[in-house]
Amino acid sequence: MQNFTYCAPTKVIFGRGVESQIGTELRELGATRVLVHFGGGSVKKTGLLDKVIASLTEAGLSYVEFGGVEPNPKLSFIHKGIELGRAEKVDFILAVGGGSVIDSAKAIGVGLVTGNDPWQYASTGTHPERNEVFPVGVVLTISAAGSEMSNSDVITNDLITPWVKQGITSETVRPLVAFLNPENTFTVSKFQTGCGIVDIMMHTLERYVTGQDECDLSERIAEALLVSVREAGRVAIAHPDNYEARATLMWASSLSHNDLTGCGKIRKFPVHKLEHPVSALHDSISHGAGLSVLFPAWAQFVMKYDIPKFAQLANRVWDCPMDFDHPERTALAGIEAMKRYFTEIGMPTHMSELGLTPDEYDAIIDLTTKGGTRPVKSYIDLGPDEIRAIYALAE
Ligand code: NZQ
Ligand code: ZN
């Protein structure tokens, strides 16, 4: 087990009707004027925004609305939020939405508290000072990215060509409070539900198959989460308003990316590093869909370096019988079973299903490896040749 620090400071308020507590909770956290941040309109359609505003008003808090965040949140829009937040002298940001809205809110907070362009941190791998924390809260509407408890903030710079998608990793961007009502996810489409299931699984899997194998407890927590998500995912896709299934996915979204399943393990996240350039260059590709294609291909490419762990995963999560004489067969069977599951929940597993053709690969690889100078760290360094081989496995 590696040394680790575990700190998950976000207060989670979970269950039906929790919206009514938003105003009082925020007031206790010191909020007086709140920037209410949301996306393309789903929260208006469902009536959630009205409930949020009623709760703020009841608690005597003033607010300013700032909607319109697009999936894969853009820097140009974040700049507008920083200007608005400054002009309106807000002292709290409440993200009402999914990962994109939350990450936009986090970035606006970084801009407001530091006085710097958040891209400065994303592009250089640096982060704000420890005390530079702008209070951000979340009312989650989709179970997926885990940003409601994570220390990460993924934004896309649309002010440069080609667009670049990059994360700020910092304890300063963990939300202070998250209101998680599974009912607010009943309206998520089947496709976005599928994307969310894959992303939740990935945040745990990227902490599981890392090439470092001495952390039995974390692995068993991870396996329990994966099995639970696998089953709840099936139910939520078939019955979008099944409360228990949606509740499982929502809590798993948070636990999968708040570092719980990674305690004592190393963190590299190679498949996320392969995916982010894909959705940066192709804005219409959802993060979860990109992962659904890339993870099985990556796994197939690297499994030879970690047969015991991939076989264990296959056996304990994907119910593949263990072939002790040929564990590599078990490992491969697990990857195949995962692909079948992704197909079952409507997710793509081939590059062509993302609308990607081989003539576009070089541009994506160029962005992924910064012109071939920065391989993606995995079991082995993944440079242009290795990434091309992974793409080939996903064709
Ligand atoms: O914009 P609206 O109208 O709200 O529609 C959204 C959006 O079109 C819709 N949606 C959300 N809740 C809904 C709903 N539709 C109906 N009913 C609801 N209740 O779903 C669409 C996708 O929303 P988005 O927020 O983009 O999804 P997600 O939560 O998957 O977030 C994806 C973003 O998070 C980043 C991804 O890269 C991507 O940019 N990530 C952030 C992470 C983090 N900060 O820790 C980690 C992840 O690995 C990921 O990279
Ligand atoms: Zn992710």
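Trainee: OK, how is the protein chain divided?
Mentor: Into two domains: domain 1 covers 11-184 and domain 2 covers 190-393. Keep in mind that this is a predicted model.

Trainee: How far apart are the C-alpha centres of domain 1 and domain 2?
Mentor: Those centres lie 26 Å apart.

Trainee: And how many residues are in contact between them?
Mentor: On the domain 1 side 22 residues are in contact, and they meet 26 residues of domain 2. Strands β1 (11-14), β7 (164-169) and β8 (177-180) each supply at least two residues of the domain 1 side. That side of domain 1 divides into 14 nonpolar, 5 polar and 3 charged residues.

Trainee: Switching to the ligand. Where does ligand 1 lie relative to the domains?
Mentor: Between them, because domain 1 and domain 2 both give residues to the shell around ligand 1.

Trainee: Which residues come nearest to ligand 1?
Mentor: There are 35 residues around ligand 1, and the nearest are Gly 39, Gly 40, Gly 98, Gly 99 and Ser 147. The elements giving two or more residues to that shell are α2 (42-45), α5 (99-114), β6 (152-157), α7 (190-205) and α11 (287-302).

Trainee: How do the residues of that shell divide: nonpolar, polar, charged?
Mentor: The shell around ligand 1 has 9 nonpolar, 23 polar and 3 charged residues.

Trainee: You mentioned α11. How does α11 sit against α13: parallel or antiparallel?
Mentor: The axes of α11 and α13 (residues 327-344) come within 10 Å and cross at roughly 170°. The two helices are therefore roughly antiparallel to each other.

Trainee: Which residues make that contact?
Mentor: From α11 you have Ser 292, Pro 296, Ala 299 and Gln 300, and from α13 Ile 335, Met 338, Lys 339 and Phe 342. Together they divide into 5 nonpolar, 2 polar and 1 charged.

Trainee: What about α12 and α13, at what angle do they pack?
Mentor: About 50°, with the axes of α12 (residues 307-317) and α13 7 Å apart. So α12 and α13 are oblique to each other.

Trainee: Is the crossing left-handed or right-handed?
Mentor: Left-handed, as α12 passes α13.

Trainee: And which residues meet there?
Mentor: On α12 they include Ile 307, Phe 310 and Leu 313, and on α13 they include Pro 327, Thr 330 and Gly 334. The residues of this α12 and α13 contact divide into 10 nonpolar, 3 polar and 1 charged.

Terms used. Residues are numbered from 1 along each chain as its sequence is written. Chains are lettered from A and ligands numbered from 1 in the order in which they are written. This is a predicted model: local features need pLDDT of at least 70, side-chain atom pairs count only at pLDDT 80 or more; totals for chains, interfaces and linings use all residues. A residue is near a molecule or strand if its C-beta atom, placed from the backbone, lies within 6 Å of it. Helices (H or I, at least four residues) and strands (E, at least two) are DSSP runs, numbered from the N terminus. Ala, Val, Leu, Ile, Met, Phe, Trp, Tyr, Cys and Pro count as nonpolar, Asp, Glu, Lys and Arg as charged, and the others, Gly among them, as polar. Domain bounds come from an automatic or database domain assignment. Axes are lines fitted to C-alpha atoms, for helices over the stretch in contact, and angles run from 0 to 180 degrees between N-to-C directions. Angles under 35 degrees count as roughly parallel, over 145 as roughly antiparallel, 65 to 115 as roughly perpendicular and the rest as oblique. Two residues are in contact if their C-beta atoms, placed from the backbone, lie within 7 Å. A crossing is left-handed if the near helix is turned anticlockwise from the far one by less than a right angle, and right-handed if clockwise.
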